[in-house]
Structures are given as structure tokens and as C-alpha cells.
Amino acid sequence: GGSASASSIKQVKLERESELRIEVGNETPLKLRLLNGSAEIFGSELAPETWLTFPPRVKFAVFTWYGATIEMDGATETDYTADETPMVSYVNVHAVLEGRRNRAKASSPDDSEASQGPRVIVVGPTDSGKSTLSRMLLSWAAKQGWKPTFVDLDIGQGSITVPGCIAATPIELPIDPVEGIPLEMPLVYFYGHTTPSNNVDLYKTLVNELAQMLETQFSRNAESRAAGMVINTMGWIEGTGYELLLHAIDTFKANVVLVLGQEKLFSMLKAVAKSKPNVDVVKLQKSGGVVSRNAKFRQKARGYRIREYFYGLTNDLSPHSNIANFSDLLVYRIGGGPQAPRSALPIGADPVANPLRVTPVNIDRDLLHMVLSVSYAKEPDQILTSNVAGFIYITDIDIQRKKITYLAPSAGELPSKYLIMGTLTWLET
Ligand code: ATP
């Protein structure tokens, strides 16, 4: 817009192999463009002279390999230039992966081992830059014409869909620096909680399902098989978190493990890999630009993510408010159900709830402000292992009239009447 005053415009000259790190202000967006030279944002090249508008609070870096001049218009929380980055080591990893993809492509598709491209898993503590590195590796691969599969196992701050899910999607183009990963037809499984400790068995079950589904897709598609996958994980790396990492490495048959910013995790995984000759464990430096986010920020970010699902990043979507009868919707939950009293059980049995039991939920006020997923299951016994079509948000429960009001991405009937409830809530603001 022409309303911005000239004084808010700023030019920054970047030397080769340096980056401009930006945190957009809390209230207003930031416009930015490449004036000359070449630059990329997390692996995705900037088109010359084209303004990009970044929404408030976004944190990112503009990196240049050979030098560039960047122009910014708007307020930032911080912006500074850094000439020490781990980008050369990251792009070296990319080059190794490219070699493996080319070898896989050149192999006979009948040789299921040799025709399989790299399966990369990125691990590390919270705020080590896992999502960012995943994104760069995917964008660099897409730029070369590959269609790698992005697998996001991070139920806290995932980048494919709403929190509480694990998901996968093919990446066909470098990831848009503003829009992020396109939401076209991802393969999504609903876990329903933002921490895996709520139901570790369910988390593992869904990881197994997702891996199996991708295995089937890969067996039919030599192109995506050769491109391989990049798997982003959670920052939970102690105790059960560590166990879940090992589970993910095995389940997805990862053959490249990239460890960001933690010596201890690296040496533990290195030791484990001794018994797995075709798994390479590589230590990578964490970027000094990665911004730490506290629990409150993460909580807020989850809310924005849910809002984005329904309304779009820039309010460009129009979700629809629907009213249904209680009897129209069948809500289920997985595990955590009320335990049978000891007196109702056979002698000696423990009153432990089955974490994978699917139980119907009575519709009451407890559902208010919950985000539910719409399962692709055709029968209740398929709910546990089915992926989901999308999400609805409960905005009103009228107990007297037995009516439920919910927000859905569009009007009309839901793709299925089976809904799954977890503990994912949202307060629309
Ligand atoms: P989580 O703990 O959620 O798994 P993570 O390890 O995946 O986090 P990222 O999400 O990659 O970490 O990075 C954290 C934040 O830092 C993000 O907002 C990201 O955009 C920002 N960031 C990463 N690298 C840079 C950089 N070089 N300059 C500026 N900001 C950056």
C-alpha cells in the first residue's frame, strides 16, 4: 500500500553466505523484497523485486549465497545480519541426499532397496531448528524437480495441519516463504493431544499407520520413492520421548538421522546405529538464528494454527457455521475412558483403561470449544486406524434443544458422521 511512510523503508546489503534475521512485530505485517542479487528464505528462492508480506510474529531469515540487497517496509521486533550460519553444512547434506536420489532413480524399480531414495529424520531438542532444516531440505529437493514426502510427527507445533496430528504430504514446489506448506490433500492422523504422554500407545499406533500408508504409496510410485522423505520430529528427546524417536526411526526405516544441536542425543543415536549398518547418524550445528519459544508462545501459536485452518492465514477462507442435532453426530474418543470399577472386573484383573479403546462420547457442555476431527472411518471399529478428512470446532451446545453448532471449513454435510475427540481446544479470538 502507498500509505507507508518513506521512513519505514529500509535497505539491507547482505554479503555472501550471510543472512538477515527478522522477527516481525506483534501487531503489523512486514513487507520485504529482493532488490538485487539472489537470496532465499529457508531454501525457497526469492523472485526479484517482488514484495512479500509477512504476517505479525513470524520469525525467519533471508539468506544469500552470493550477496543481495533486501528492502523492508514495516516495523520489526528485531532484525539483524549474521555472517555465521550453518548453511554450508546443511547444503552439503542436501548434496549427499541428491546423490542418493539420483542413484535410486537410476536403479531398477523392481529392486525395492536400491530404488528407495533417502529417508531422512531430523531430531533434536525443542528450538533447535528441526522444522526449519526439514523445510530447507524439502525446498532444495523440490527446486531440483524431486517430489519428496514431508512427514511431520510434531504434534505440538506441526507445520502441515492443526496441532495434535501427525501428517504427511508430497512437496512438489519449494515451500512458499509466507504461506508455508500447501494444505492440499495431506494424509492426516488425529492424535488429539499436544503432548505424546497423554497416550503413548495411540501415538505409536498412528505412527505405524502413517508409515504403512506411505509404504503402500511408495510401492506404487517410483518417483516419490526415489525422492524419499524428510521426517520432522518432536523436541521431546528424554525418556519416553527418546523411545518414540527410536520407534519413528525404525517404523519409517529412516536411513539418515540428522541430529541438531545436542551432543548427548547424537552419541546415544550413534551407539544405537552401530547395529544398523545402513543408518547414518549425522551431527549438525544449530543455527544461532533459531528463536526460542516459551510454553506460552507455543500455546498461542497452536491457537493461531487452528485459526489458520478455518479462516486462512489472511482471513482468506470463509468457514461455515452449521447446526446439527445431537443425534446426527457420533463422537468418539480413544483411550482414557472411564475405568471400570474393580468390583466389575474378573478377580485379579487390573482396572487399567485400554489406551486404544474407542468409546462413544455423550454430547454435553464438555464439547464446547473442542476441535474434533472428522474420520474417514466407515465403521466405528475403523476409527482407531483411519486417517481424517478435516476438523470442526464446536461453538455452541444447546442441551435443551439438543442442538450443536459447529464451525466447518465449508457448508454442507460432513464427509463422515464419525468424529474423534481428544483434548484439543481453542478459544476463538
Ligand atoms: P520445535 O521445538 O517446535 O520442534 P524446532 O526445533 O522445529 O522447534 P524451528 O521451528 O525450526 O525449531 O525454529 C524455531 C523458530 O526459529 C521458528 O519460528 C523459525 O522460523 C525461527 N528460525 C529458525 N532459523 C532461523 C534463522 N536462521 N533466523 C531467524 N529465525 C529462525
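Is D127 buried or exposed? D127 is buried, with a relative accessible area of 9%; buried means under 20% relative accessible area, exposed over 50%, and partly exposed in between, with a 1.4 Å probe and protein chains only. The structure is a predicted model, in which local features need pLDDT of at least 70 and side-chain atom pairs count only at pLDDT 80 or more, while totals for chains, interfaces and linings use all residues. Residues are numbered from 1 along each chain as its sequence is written, and side-chain values use heavy atoms, with hydrogens and water left out.

**D127 and backbone geometry**

D127 lies in the loop between β10 and α2. Helices (H or I, at least four residues) and strands (E, at least two) are DSSP runs, numbered from the N terminus. The phi of D127 is positive, about 55°, although D127 is not a glycine. Most residues other than glycine have a negative phi. F42 is another non-glycine residue with a positive phi, here about 45°. F42 is placed in the loop between β4 (40–41) and β5 (44–45), and its relative accessibility of 17% makes F42 count as buried.

**Salt bridges**

Side chains of opposite charge can pair when their charged atoms come close. A salt bridge is taken as a side-chain nitrogen of Lys or Arg within 4 Å of a carboxyl oxygen of Asp or Glu. By this rule the count comes to 19 salt bridges.

| Pair | N to O distance | Relative accessible area of each residue |
|---|---|---|
| D280 and R100 | 2.5 Å | D280 30%, R100 23% |
| D127 and R298 | 2.9 Å | D127 9%, R298 16% |
| E238 and K264 | 3.6 Å | E238 44%, K264 47% |

The side chains of D127 and R298 meet in a salt bridge, at 2.9 Å from N to O. D127 is in the loop between β10 (119–123) and α2 (130–143) and R298 is in helix α7 (residues 295–311), so this pair ties together parts that are 171 residues apart in sequence. R298 is buried, with a relative accessible area of 16%.

D280 pairs with R100, and their closest N and O atoms are 2.5 Å apart. Because D280 belongs to strand β16 (residues 280–284) and R100 to helix α1 (residues 87–106), the pair ties together parts that are 180 residues apart in sequence. D280 is partly exposed, and R100 also counts as partly exposed.

E238 forms a salt bridge with K264, with 3.6 Å between the closest N and O atoms. This pair links distant parts of the chain, as E238 sits in the loop between β14 (229–232) and α5, and K264 in helix α6 (residues 263–273), 26 residues apart. E238 is partly exposed at 44%, and K264 is partly exposed at 47%. Elsewhere, R33, E49 and E71 are linked in a network of salt bridges.

N255 lies in the loop between α5 and β15 (256–260) and counts as buried at 17% relative accessibility.

**Packing of α3 and α5**

The axes of helix α3 (residues 200–220) and helix α5 (residues 240–251) come within 10 Å and cross at roughly 15°. Axes are lines fitted to C-alpha atoms, for helices over the stretch in contact, and angles run from 0 to 180 degrees between N-to-C directions. The crossing angle makes α3 roughly parallel to α5, a term for angles under 35 degrees, with over 145 counted as roughly antiparallel, 65 to 115 as roughly perpendicular and the rest as oblique. The contact is made by V200, Y203, K204, V207, N208 and A211 of α3, together with T240, E243, L244, H247 and T251 of α5. These contact residues divide into 5 nonpolar, 4 polar and 2 charged. Here Ala, Val, Leu, Ile, Met, Phe, Trp, Tyr, Cys and Pro count as nonpolar, Asp, Glu, Lys and Arg as charged, and the others, Gly among them, as polar.

**I397**

I397 is found in strand β21 (residues 388–398) and is buried, with a relative accessible area of 3%. Beyond its neighbours within four places in sequence, I397 is in contact with F326, I363, D364, R365, L367, L368, K403 and I404.

Terms used: Contact = heavy atoms within 4.5 Å.
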